[in-house]
Amino acid sequence: MRGGSWAGLTKRDLAKYPFLKKASEYVSAFGLDLRDLVSPTLSKTLERALQRVLDAIRFGKVSPRLTDEDVELLSFPVAVLLVSLVGNEYLKKRYALAEAKRAEELLASESPDKLAVLATDLGWDIRSVEVPFGGILYEFSLSLKDYLRNASRLKDKKWKLVNRLVKSGRVLVTRLEVARLLSEEISSKIEELLAKRGGLKDSIPEGLLPYVERIREAMSELKMGEGPRLEEVGEVLFEAFPPCMKAIYNALHEKRHVPHAGRFAFTAFLLHIGMGIDDVVELFRQVADFSEKITRYQVEHIAGERGGRTQYTPPSCKTMRSYGLCVGADELCQKVRHPLTYYMRKARMLKRRKRPVKTAEGEEGGQGGGEDG
Amino acid sequence: MEEKTAKFLRSLYARYYASHGPVEPEDIGHREFAFMTFGERMVIRHRGFGSYDELKAFMAKLGPSDAFYSSAYFQRPDEPDMKAKGWMGADLIFDIDADHIPTSCKGEHDIWACRSCGHWGTGEAPDACPRCGSKELAELKWICNKCISAAKEELIKLIEVLEEDLGVDRSDMVASFSGHRGFHLRVFSEDLRNLGQDERGEIVDYLAAVGLDPEALGLGPGAKLGLDEPGWRGRLAKAFYSLLYRADEGTLRALGLRKKAISALLASKDLILDSIEHGRPIYLPRGVGKSSLKKLLLACAEEAAVKVDPVVTRDTHRLVRMSGSLHGKTGLLKVDIPLDEVEEFDPFSSALAFERDWAKVRITDSLPVVPALRLADEDYGPFEPGETVELPLQAAVFLMCKEVAELA
Ligand code: SF4
Ligand SMILES: [Zn+2]
Ligand SMILES: [Zn+2]
C-alpha cells in the first residue's frame, strides 16, 4: 500500500492532513506498536508527537514538518493519545485548534482540485464552479448543511448566511474560504476524536508516561488550564456582568425560581471572576432563602474543593443558550462566546473609561467628556 | 371558564377524536407528545405512543384542549429528563403568527377591558389600565380575513425563499393553518434534521434579513445589481426595483432620505430601473451617495424579509401542535394545506370540525362587546354582554374557547 495513491491523495497529502479517513487507514496498515521501544521509527514518532502537543501549548499552532512523511503522519494519532491521557479539557480544545491552524496554513496553498478531494474525504458535498462576482472569483459551491455546520461558528458578518450568495441550497465560496471552513471542520473532528478516546484508562503503554509528564509540566509552567487570568480584573465589578448573569442575579434577588443549571452557571461564574467561596455563600444567603449548609456544599463542590476536585468552568454562551439562560444579544454579546470573556472585556472597558480623560484637545464634544474634579 | 363549559368542551373534543383522530404524525414511535386540558389547564408531557391507535384512544378518552408533539425525534420520548431522551434530530419548523404582523384590523377587532373599573379600548392591551392603573385586564384577540391574509402572504414568501434559495424540496414541506392566528411550515428533510440551534438561527436570520449588510454583499455605489442574482442580492434587486417603481416623494421621505436625494432619485427613476433590468452598475445620480443607498437597501430588506418567529425555529426541542387536532382557543382544526392551495385557503370554511348541532351560550360580561364572527360564509354577532344566544355548534365553541361565553 505504501507509495501508492488513495483516491487522488498522495502519501504527502496524508502527512499534511493526518486526520483524513484515508490517513487512519494508512496508519492501521502500518501497524506501529507502541510497546516496541527499540524501534527507531517509534522514538522519532514519539518525539514528534510530543512536539505537536508542546507547539499547541506554547504557540497555539502546530508547525508542519514534512521531511519525514511517515513520522509526520504517525505522530498525529500518538499526539491525540497523549492529549487524551493528560485528560485536560482545555488542552483538548487548544490542541484541536492548533492542529486546525496547521492544516489551514497548508490548505491555503492547495490547488482547487486538491481542496475538493480533501473536503470530500471529510464528508462535504462540494462542487467546483467558476462564478466571478463583484471582483471575487467563487470556485466552489457547498451544500447548505456543510456550510452552516462550520460557518455558524464564525463571528464575522461576512460568514452570515444572509450575506452569502445562495441558490438552490448551494452556497458560493472562494478557495480561501474553503480553507477557513475546512479548518473549522478539522478542529471539531479532532475534538470528537479526543472525546472518543476520553474513556481510555486501561493499558497505557509504560513508554508513554514520561511524555505525558512532560506535557503536564509545560502546562503548569504556563499556568494553563486554570481558567482565564483573574488578576487582570482584580475586584468584582457588577457593572461588567454579562446580561445572562445579571438576569440570574436579579431572579435570585427577587426570589424567583432559578433552575439548577442557572445556579450552577452563576456560582461557577462568580468563583471564576475571583470571588471567594465565603463571599459567594454570603451572597446567596443575602439574595435567596437557601439553606446555608447545602449552598456551601454546592459552592465548594463547584470550586473543586470537594468531590471530583475539578474546578468547574461556567458554561459557554452556546450552552447558556441551550439552557435558555442567555438573555443576551447586546452589542458585546455579539462578539463573545463565553460569559467570562464578556466580563473580562467589559471590565477592561469600564476601567479605561474611569480614567480621567487627559487629551481634551480634539475630543468630540469635549464639554461633557471629562470628569470634573 | 365554568366547569360546566369545560366539561362540555372536553366531551365534545373527546367525541371528535373518537370518530376522527388527529393526522398520524410521521415516525410516531420517536416523538414526545404533550396535551393540555380545558378548565384546570392541566399539562401532560413526556408521553410516548407505540402506535397511532394508542394515540387516538388516548385522545378520545382525555378530550384534550390542545395536543402537541415534538419536532424532535427521540430514542426514548417518554423519559421525563431531556438528557435521557436521546435526541436524534428535529424537523425544521417555522411559525408565522398574525400577532407579530402589524395589520390595521387589530385596532378594529382586538379589545381589552379593565376588570376593576370597566374602562376599555381597542387594539393591543396596555400594560396597565390608563384610568385606574390596575393590571387586571381582560383581553380578546380576534381573527378576521385581513389578519389571515397578511400571515398567508408571509407563508407564501417563506415557501418561495426556502425553495429557491435554500434548496428545500417542495415535497419535503408541509404547510398548515395553526387553528388560531397563523400558519406553520414543517420541513421533513434528512439533510436538515441534524442542524443545531445556531445553524437554525442562521436560517431564520436569512429569512428575516437579520444582520444583512449591503457592503458584505458587495453593494456599494458603482456595484452591479441584476434581478436574477442569487441570494439576497437578487431579493434586494427585486425589492429595490419595485420600491422605486412606485416611489413618490412621501415614500422616500418616510425612509429618512434627504430632500436633495429624493428629487435626484425621482428625476432619474427610469435610468435606475433600466440599469437594474440589465444587470448593469446601479445608476446613482448626483446627490445619492453611499448612505442614501444603504438606507434604501435596508428598507428593501425589511420589506422583503419573511416574518417568522425566530424563537420557534431555533429551538431543537419544540412542541408543535398536531395536524388534525382542535385548537383550545378557537375550536378550529389545525389543517394541512397543499402548497399550491395556500393562496385560496380559507380557515373559516376549511378548518371547521363541528358541522351539525346547535348550542345555547351566554355571553360573559368581561368585555363591553364581543365582535362579529364569520364562519362558513355566515355572520354571527356582534354580541352584547349577558346576552343568551343559540348558535351553530362551531360558532358556540369558538366563543366558549375564547372565554367570552359560557354554556347556557
Ligand atoms: S451571549 Fe453570552 S454573555 Fe451574552 S447573555 Fe448570552 S450567555 Fe451571557
Ligand atoms: Zn381600570
Ligand atoms: Zn384581523
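1. A polar contact is a pair of N or O atoms within 3.5 Å; within protein, one atom must be able to donate a hydrogen and the other to accept it, and residues adjacent in sequence count only if both atoms are side-chain atoms. In this predicted model, 11 residue pairs are in polar contact between chain B and chain A, both residues of each pair being at pLDDT 80 or more.

2. Extent of the interface. Chain B brings 30 residues to the contact, and chain A brings 22 residues. About 2,200 Å² is buried between the two chains. Carbon and sulfur atoms give 60% of that area. On the side of chain B, the residues that lose the most area to chain A are B:Asp198, B:Glu202 and B:Pro230. Together they account for 24% of what that side buries.

3. Salt bridges between the chains. Side chains of opposite charge can pair when their charged atoms come close. Five salt bridges are found across the interface of chain B and chain A. Over all chains, the count comes to 52. What is the N to O distance for B:Asp191 and A:Lys145? Their side chains meet at 3.3 Å, which counts as a salt bridge because the cut-off is 4 Å. B:Asp191 sits in the loop between strand 11 (182–187) and helix 6 of chain B. Its partner, A:Lys145, belongs to helix 7 (residues 144–151) of chain A. A second salt bridge joins the side chains of A:Lys157 and B:Asp213, at 3.6 Å from N to O.

4. Makeup of the chain B side. Which helices of chain B each supply at least two residues of the side that touches chain A? They are helix 5 (145–164), helix 6 (197–208) and helix 7 (231–245). Helix 6 of chain B gives the largest share, seven residues. By class, this side of chain B divides into 12 nonpolar, four polar and 14 charged residues.

5. Chain A supplies the residues around ligand 1: A:Pro242, A:Pro243, A:Cys244, A:Cys317, A:Met320, A:Cys326, A:Gly328, A:Cys333, A:Pro339 and A:Tyr342. Nine residues of this shell are nonpolar, one is polar and none is charged. Helix 10 (243–253), helix 14 (317–322) and helix 15 (339–354) of chain A each supply at least two residues of the shell.

6. A sheet in chain A. Four strands form an open sheet in the order 1-2-4-3, with antiparallel pairing. Which strands lie at the edges? Strand 1 (126–133) and strand 3 (166–167) of chain A are the edge strands, and each pairs on one side only. Strand 1 and strand 2 (residues 136–143) of chain A pair in the antiparallel sense over six bridges. A:Ser128 stands opposite A:Phe140 in strand 2 of chain A. A:Pro132 has A:Leu137 of strand 2 as its bridge partner. The hairpin of these two strands has two residues between the strands, and A:Gly134 in the hairpin takes a positive phi near 50 degrees.

7. Backbone spots to check by eye. Most residues other than glycine have a negative phi, and most peptide bonds are trans. A:Ser168 is not a glycine, yet it has a positive phi of about 50 degrees. This serine, A:Ser168, lies in the loop between strand 3 and strand 4 (170–173) of chain A. In chain B, the peptide bond from B:Gly381 to B:Pro382 is cis, with omega near 0 degrees. B:Pro382 is found in the loop between strand 16 (378–380) and strand 17 (388–392) of chain B.

Conventions:
Residues are numbered from 1 along each chain as its sequence is written. Chains are lettered from A and ligands numbered from 1 in the order in which they are written. This is a predicted model: local features need pLDDT of at least 70, side-chain atom pairs count only at pLDDT 80 or more; totals for chains, interfaces and linings use all residues. Side-chain values use heavy atoms; hydrogens and water are left out. Contact means heavy atoms within 4.5 Å. Buried area is the accessible area (1.4 Å probe) that two parts lose on being put together, summed over both. Ala, Val, Leu, Ile, Met, Phe, Trp, Tyr, Cys and Pro count as nonpolar, Asp, Glu, Lys and Arg as charged, and the others, Gly among them, as polar. A residue is near a molecule or strand if one of its heavy atoms lies within 4 Å of it. Two strands pair if DSSP finds at least two bridges between them.
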